Amino acid sequence: MTRPTGRTTARAGGALLTAALLLAAPLAPTAVAAPAAQLAWGSCPSPTPNANGVPFTRDPRQQCATLRVPRDYHDPAEGTITLTVSRLRTADPAHRRGTLAVVPGGPGGSGLDYPGEMAKLLPPDVLRSYDLIGFDERGVGNSTPVHCDLSAAERDAQLNYPFPGPDGSITANLDQARRVADGCAAASGGYLADVTTANSARDLDRIRAALHLPRISYLGSSYGTYLGQVYATLFPSHTDRVVLDSTVPPGGVEQGFRLFSEGFDDSFPALARFVAAQDATLHLGATPEAVRASYLRLAGEVDRDPLPLSGGRLLTGGGLRSVVYASLVKPSYYPLGARVLQLAEERDTAPAPAPAPVTAPAPTPEGAGTGGSGGNPLPQVIPDNFLAAQFAVVCGDSAWPRDPAVYAARTAADRARYPLTNGMSGNVWPCAFWHYGPKEPLVRADPDGPRNILMLQNRYDPDTTYNGARQTQRAFGHRAAMVTFDTTAHGVDFTDPRVLAPFTAFLLGGRLPS
């Protein structure tokens, strides 16, 4: 799941209801053993824009290669697709101890330039010890892509959070979900069913084999932690050291999405304290409780009477909630949330100016790419490929209920329990109308394997909740150790000594905390 965070990528996207498929025995690694392959390293294709439409700044040392892999690992007759892989080699080969695959949040985010982004954050000892490997997952960017050919209106970022209507109605959400599902099917056809987390894990193992490595280390953030869980489950003997930053629950993105409202509740008090401390200028409440009341009041007012913005745009209740939710990613984004609430509080008959663009995530369940990407905090258009790949994975990993009444009931229940999100995480996604059912059962974390997984988790995370991470830790059993930080943010801070100590001790010495 991803929003760019300025430290790592993040977004723990998700879905709505318990998967209808039960876990079956994972496909044995020998059943998908890769043939001998060579990666011909050379220049890289043009950078892929992130969810905000901003290209990454590429590290000039980075090299790229392509690799052909099966489109459907269970049916060779389906042919092959292309993966685009990147490499950033250690500057000190004499001290290299291994290769570290680095995978951002998503699904849908490009990972090709992630090695260069992580090289800005990881400690020097780790960079001396590991080559960094990235790749665009199947369906994404420079790997064989999927598309939905959606209009700009259908890709408005605030629609990607399925906030219900002011009265709790989900009719508009159902219509949007059906249009997206139909558009994706028309544009990409049956390939959508092959763009799954399990197949991306098999792709990663083909990359490992092409690098002629007996084992590979892994660092994944947000949705990337679910891909890491699946890889460690399908290929436990091929894992060296696995680090999961901001972990998705063991049910994957669908289960993570169901926890979004809980994450909003966990994280909102920190924003409320920030706003309350500026009551002299913001006039939104002098206590966190008063700020919460102001937020609920203003969201209701904008629900009933959207706020005109410059450029002819309207700030709806869903848009306001989207921006506030996006601002919870980390403290440096809190002014974004405060500003949109101030706009709503000070509205008048003239169109309100939009806040100046800041370094912030697009309000989407899975921001692409990595931190530092700029974006307007108000709702914006999301790239078509990002949405197509996101929905392909979320809808292809697990089966979703087809009955609209299920989502109406869930939304009503969530509205009552979590008023801050107004029932959003109970609502419908295009998966309810997806044209291609899952080809195999959901892969869940498996406790049978080596003890070589380090989980790094903030206690108050809006996207990948502490609750969900604990569920994954319990599912892995003896295999995983988790270090929790008393912090409100999505994505751990790799510049924090508290994070660096266990992270470095594990990657360099293999030591897990008890």
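Me: Where is Asp245 placed?
Reply: Asp245 sits in strand β8, residues 239-245. Strands are DSSP runs of E with at least two residues, helices are runs of H or I with at least four, and both are numbered from the N terminus. This is a predicted model: local features need pLDDT of at least 70, side-chain atom pairs count only at pLDDT 80 or more, and totals for chains, interfaces and linings use all residues. Residues are numbered from 1 along each chain as its sequence is written, and side-chain values use heavy atoms, with hydrogens and water left out.

Me: Is Asp245 buried or exposed?
Reply: Asp245 is buried, with a relative accessible area of 0%. Buried means under 20% relative accessible area, exposed over 50%, and partly exposed in between (1.4 Å probe, protein chains only).

Me: Which side chain does the side chain of Asp245 make a polar contact with?
Reply: That of Ser221, at 3.1 Å. A polar contact is a pair of N or O atoms within 3.5 Å; within protein, one must be able to donate a hydrogen and the other to accept it, and residues adjacent in sequence count only if both atoms are side-chain atoms.

Me: New topic. How many disulfides does the structure hold?
Reply: Three. A disulfide here is a pair of cysteine sulfur atoms within 2.5 Å.

Me: What kind of bond is a disulfide?
Reply: A covalent bond between the sulfur atoms of two cysteines.

Me: Which cysteine is joined to Cys44?
Reply: Cys64, with S to S 2.0 Å. Cys44 is in the loop between β2 and β3, while Cys64 is in strand β3, 20 residues apart. Cys44 and Cys64 are both buried.

Me: Why is the disulfide of Cys44 and Cys64 right-handed?
Reply: Because the torsion about its S-S bond is about 90°.

Me: What about Cys148 and Cys184?
Reply: They form a disulfide too, with sulfur atoms 1.9 Å apart. Cys148 is in the loop between β6 and α3, and Cys184 is in helix α4, 36 residues apart. That link is right-handed, with 90° about the S-S bond.

Me: And Cys395 with Cys431, right-handed or left-handed?
Reply: Left-handed, because the torsion about the S-S bond is about -75°. Cys395 lies in helix α13 and Cys431 in the loop between α14 and β11, so the pair ties together parts 36 residues apart in sequence. Cys395 and Cys431 are both buried.

Me: What pattern do the disulfides follow?
Reply: 1-2, 3-4, 5-6, with bonded cysteines counted along the chain.
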